[in-house]
Amino acid sequence: MAEGAFNVKRLPGAAALAITCFVILYVPMAILVAYSFNSGRVIGNWQGFSLKWYEAALRNQAFLDAAVNSLILATSAAVLATIMATMAALATSRTAAFRGEGIVHIILNQPLMVPEIVLAIALLIIIGQIKEMTGYTGLGFLIAAHTTFCIPFAYLPIRARLASMDLSLETAAADLYASRFYAFRRVTLPLIAPAIMAGFMLAFVVSLDDLVMTEFLKSPGQETLPTYLMGELRRNLTSEIYAISSLLLLISVLIVAGSWVATRKKN
């Protein structure tokens with residue numbers, strides 16, 4: 001680093017502030033996980049180590065139904081969002097600059113900039129009218145809403161990977177008379193595969209953890225893990241909720257870690 005350049009490590013109080021933020025963020029999670037192994041029913045009163053709350057959670061049919069709904073919803077939304085994000089990233093990175101390109105980027109990233117509750121209320125108005133006209137109340141509406149919300153999370157890593165790629169490989173394939181589709185399948189796709197996987201994982205975990213939009217748009221019988229946990233918190237707070245939250249936290253951490261590993265993969 002050049003002498004005199006800005007270095008956050010030299011900023012007075014930066015280390016203390018960073019440590020404080022990490023403590024505020026992660027100590028409550030550590031406490032939650034620890035008390036999920038509490039054998040007693042009283043929250044905050046440690047009465048010994050036990051796995052009974054995890055066993056109770058895995059025997060809880062309502063929890064299992066919510067988990068199945070969450071997996072179906074998150075997988076469907078992540079697959080669709082990743083496909084659309086890949087096409088959008090190719091369209092915005094493999095074409096010449098055009099008028100309105102900035103507006104396209106704003107539209108693609110709009111779900112990140114608009115408060116989620118605003119988007120949820122807007123979709124509630126539209127989807128509510130569609131439900132009334134068609135009589136259809138299936139999971140398709142939630143899948144469509146989650147897909148829309150997850151597109152930017154899948155788009156960003158794919159677009160970043162395409163922007164950093166050396167175009168000479170694709171140009172060489174074209175010089176060897178490869179069609180655009182063949183060059184994409186044999187050259188571009190293998191190179192952006194880690195970014196596509198990272199985008200899929202991020203979209204999956206965002207959909208899996210979403211509460212606000214799901215709470216607004218779900219129909220009866222469409223409980224997901226976040227909405228199920230919110231309902232249980234309102235009715236009865238037990239260590240079983242801690243166990244379910246810990247399982248959800250573990251899944252999210254594993255997926256985010258997988259996304260990080262995928263983006264660091266050397267080609």
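## Thr-92 and its surroundings

Start with Thr-92, which touches Glu-101, Val-104, His-105, Leu-108, Tyr-155 and Arg-159, leaving out residues up to four places away in sequence. Keep in mind that this is a predicted model. Thr-92 sits in helix H3, and at 6% relative accessibility it counts as buried.

## The overall build

What does the chain look like as a whole? The C-alpha trace spans about 70 × 65 × 30 Å along its principal axes.

Of the 267 residues, 39% count as buried. The accessible surface comes to about 15800 Å², and carbon and sulfur atoms make up 69% of that. Among contacts with a separation of 6 or more, 73% are between residues 24 or more positions apart.

## The nonpolar core

The largest nonpolar core holds 52 residues, and the ones with the most contacts inside it are Leu-123, Ile-158, Leu-162, Met-213 and Leu-217. Two or more residues come from each of helix H3 (61–93), helix H6 (116–134), helix H7 (140–164), helix H9 (180–209), helix H10 (212–217), helix H11 (225–235) and helix H12 (239–263). H9 gives the most, with 12 residues. As a rule, nonpolar side chains in soluble globular proteins tend to be buried together.

Which residues does Met-213 touch? Beyond four places in sequence, they are Glu-116, Leu-119, Ala-120, Leu-123, Leu-142, Ala-145, His-146 and Phe-149. Leu-123 in that list is another of the residues with the most contacts inside the core.

## Helix H2 and its two sides

Helix H2 covers residues 52–59, and its buried residues are Trp-53, Tyr-54, Ala-56 and Ala-57. Looking down the axis of H2, these fall within an arc of 160 degrees, so they line one face of the helix. Over on the other side of H2, Leu-58 and Arg-59 are exposed.

## Two residues of helix H11

Thr-227 lies in helix H11 and is buried, with a relative accessible area of 4%. A polar atom of its side chain is 2.8 Å from the backbone nitrogen of Thr-224. Setting aside neighbours within four places in sequence, Thr-227 is in contact with Leu-211, Thr-214, Glu-215 and Lys-218.

Leu-233 is in helix H11 too, but this one is partly exposed, with a relative accessible area of 44%. How far is Leu-233 from His-105? They are 128 residues apart in sequence and 39 Å apart in space, C-alpha to C-alpha.

## Cysteines

Buried or exposed: where does Cys-150 fall? Cys-150 is buried, with a relative accessible area of 1%. Cys-21 counts as partly exposed, at 38% relative accessibility. The disulfide count for the model is 0.

Methods: Residues are numbered from 1 along each chain as its sequence is written. This is a predicted model: local features need pLDDT of at least 70, side-chain atom pairs count only at pLDDT 80 or more; totals for chains, interfaces and linings use all residues. Side-chain values use heavy atoms; hydrogens and water are left out. A nonpolar core is a set of buried Ala, Val, Leu, Ile, Met, Phe, Trp, Tyr and Cys residues joined through side-chain atoms within 4.5 Å. Buried means under 20% relative accessible area, exposed over 50%, partly exposed in between (1.4 Å probe, protein chains only). Helices (H or I, at least four residues) and strands (E, at least two) are DSSP runs, numbered from the N terminus. Contact means heavy atoms within 4.5 Å. The arc is that of the directions from the helix axis to the C-beta atoms. A polar contact is a pair of N or O atoms within 3.5 Å; within protein, one must be able to donate a hydrogen and the other to accept it, and residues adjacent in sequence count only if both atoms are side-chain atoms. Accessible areas come from the Shrake-Rupley method with a 1.4 Å probe; for residues, only the protein chains shown count as cover. A disulfide is a pair of cysteine sulfur atoms within 2.5 Å.
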